[in-house]
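The following note concerns the strand pairing and helix packing in the model shown here.

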Amino acid sequence: MKYRSVFDIIGPVMIGPSSSHTAGAARIGRAARHLFGREPKYAHIHLYGSFAKTYKGHGTDVAIIGGLLDYETFDERIGQALETARKNGMKVRFHEEDAHTDHPNTARLKIGDDDGELELVGISIGGGKAEITELNGFDLNLSGSHPAILLIHNDRYGAIASATAILAKNEINIGRMEVSRKAQGEQALMVIEMDQNIDDTVLSELERADHIIQVAKISE
């Protein structure tokens with residue numbers, strides 16, 4: 001694993017007790033919140049491996065819900081996240097799963113409201129870092145270490161070119177790009193990591209681009 005600074009080694013500023021079970025879990029929840037675009041009305045959290053065994057003692061439950069409330073890892077409100085979510089009308093359920101996963105700190109989040117639903121799989125890889133490995137059935141590798149946009153689009157000729165042309169016009173450099181699809185001619189997903197955050201005007205342009213169905217942003 002490559003580290004960008006000494007803070008990646010000693011971990012982020014965070015509410016304890018554990019960087020992997022608390023800070024990493026909060027980042028998984030916050031990534032789901034940003035990709036969904038709003039606070040969900042329900043959240044079904046499926047926990048695997050070490051997460052399933054120790055989530056109450058290590059604060060994984062409050063951390064994930066804190067992330068869904070858009071709290072940073074250092075936000076002192078994380079400790080009351082479950083109570084806040086319920087006051088806001090969010091229905092929360094945790095499921096302890098026995099199935100084997102590739103990583104011991106794995107969570108599958110199913111969140112939604114009357115207008116939509118999102119399913120995401122995240123892993124906490126240590127030091128407060130998290131990766132998103134699946135989104136709505138698409139496999140991906142999203143670290144959250146760089147600003148990123150995710151574009152769900154129709155699998156058509158020109159979809160990728162229309163998105164990259166908009167980024168080039170706005171002088172936004174692409175650091176990494178990944179494209180996947182469920183089947184030929186169906187929905188596909190672009191994951192684009194960039195060197196800087198982009199503003200909402202660029203997102204609006206991308207939403208109007210040819211064959212683009214949905215755009216989501218994760219800021220650094």
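**Notes on the two sheets**

1. In this predicted model, strands β7 (residues 148–154) and β9 (residues 187–194) are paired in the antiparallel sense, with seven bridges between them. Within this pairing, A148 has E193 of β9 opposite it.

2. Both strands belong to an open sheet of four strands, ordered β8-β9-β7-β10, in which the pairing is antiparallel. The edges are taken by β8 (174–181) and β10 (212–218); each has a single partner strand, so one side of each lacks a neighbour in the sheet. On average, neighbouring strands of this sheet are turned by 15° against each other, direction ignored.

3. Which helix lies across β7 and β10? Helix α7 (residues 200–207) does so, and runs at about 155° to β10.

4. A further open sheet has six strands in the order β2-β1-β3-β4-β5-β6, and here the pairing is mixed. At its edges stand β2 (91–96) and β6 (138–142), each with a single partner strand, so that one side of each is left without a neighbour in the sheet. From one strand to the next, the twist averages 20°.

5. Helix α4 (residues 60–68) packs on this six-stranded sheet, where α4 touches β1 (42–48), β2 and β3 (105–113). The direction of α4 makes about 140° with that of β1.

6. Strand β5 (residues 129–135) runs antiparallel to β6, and three bridges join the two strands. L135 is placed opposite F138 in β6.

Note on methods
Residues numbered from 1 in each chain as written. Predicted model: local features only at pLDDT ≥ 70, side-chain atom pairs only at ≥ 80, totals over all residues. Heavy atoms only, no water. Pairing = 2+ DSSP bridges. Axes fitted to C-alpha atoms, helices over the stretch in contact; angles between N-to-C directions. Contact = heavy atoms within 4.5 Å.
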